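I opened this entry to record what I looked up, item by item.

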Amino acid sequence: MTTRRVGIDELLERVREGLDRVEAKDAYEAAQAGEALLVDTRYAALRERDGLIPGALVVERNELEWRLDPQGSHRAPEATSHDLRIVVFCNEGYASSLAAMSLRQLGLHRATDLVGGFQAWKSAGFPVTAA
């Protein structure tokens, strides 16, 4: 039995088919209305270089599932329910798609990601603060 190998581009395309990805404007409006939790998975050097989205929860990628699992012993206080709408973002919107799918596999069925990541948010002129 041989397993067909899938490259990252094909995997990313498949993952994104299962997500309702959001644009910066929609993410901003949902966060402002208290309808979504923005989650920043960028590593520290990028946050220090480019800044932060005010109100976003910072959870580095290697801790994401542990911090956002509502049943987990290491969950963040914000991880209150499997019904929570989570918008994950990375720097440019690639790794965040994979992260959002991982959260969906934990039962966080409303998890998605930000198209274009932090850079799209910043380019659209939405608020950014110094790290």
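Tyr28 is partly exposed, with a relative accessible area of 24%; I use buried for under 20%, exposed for over 50% and partly exposed for in between (1.4 Å probe, protein chains only). The model is predicted, so I note its limits: local features need pLDDT of at least 70, side-chain atom pairs count only at pLDDT 80 or more, and totals for chains, interfaces and linings use all residues. Residues are numbered from 1 along each chain as its sequence is written, and side-chain values use heavy atoms, with hydrogens and water left out.

**Aromatic rings.** I searched the whole structure and found three aromatic pairs (rings of Phe, Tyr and Trp, its six-membered ring, with centres within 6.5 Å; planes under 30 degrees apart are stacked, over 60 edge-to-face, the rest tilted). Tyr28 and Phe126 are a stacked pair, 4.6 Å centre to centre with 20° between the planes. Tyr28 sits in helix α2 (residues 24-32) and Phe126 in the segment after α6 (117-123), 98 residues apart. Helices (H or I, at least four residues) and strands (E, at least two) are DSSP runs, numbered from the N terminus. Phe126 counts as buried because its relative accessible area is 19%. Tyr28, Trp121 and Phe126 make one aromatic cluster.

**Cores.** I next listed the nonpolar cores (buried Ala, Val, Leu, Ile, Met, Phe, Trp, Tyr and Cys joined through side-chain atoms within 4.5 Å). The largest has 15 residues, of which Val39, Leu64, Leu68, Ile86 and Leu103 touch the most other members. Two or more residues of this core come from each of β1 (37-40), α4 (64-68), β3 (86-89) and α5 (95-105). Another core, of 14 residues, lies apart from it and includes Ala30, Ala36, Phe89 and Phe126. Leaving aside neighbours within four places in sequence, Leu64 is in contact (heavy atoms within 4.5 Å) with Val39, Thr41, Val59, Ala99 and Leu103.

**Helix α5.** I checked burial here: Ser96, Ser97, Ala99, Ala100, Ser102 and Leu103 are buried. Their cover includes α1, α4, β3 and β4 (112-113).

**Gly93.** I located Gly93 in the loop between β3 and α5. Gly93 is buried, at a relative accessible area of 1%. Not counting residues up to four places away in sequence, Gly93 touches Arg16, Arg21, Asp113, Leu114, Gly116 and Gly117. Gly93 and Arg21 are 72 residues apart in sequence, yet 9.8 Å apart in space, C-alpha to C-alpha.

**Leu11.** Leu11 is partly exposed, with a relative accessible area of 37%.
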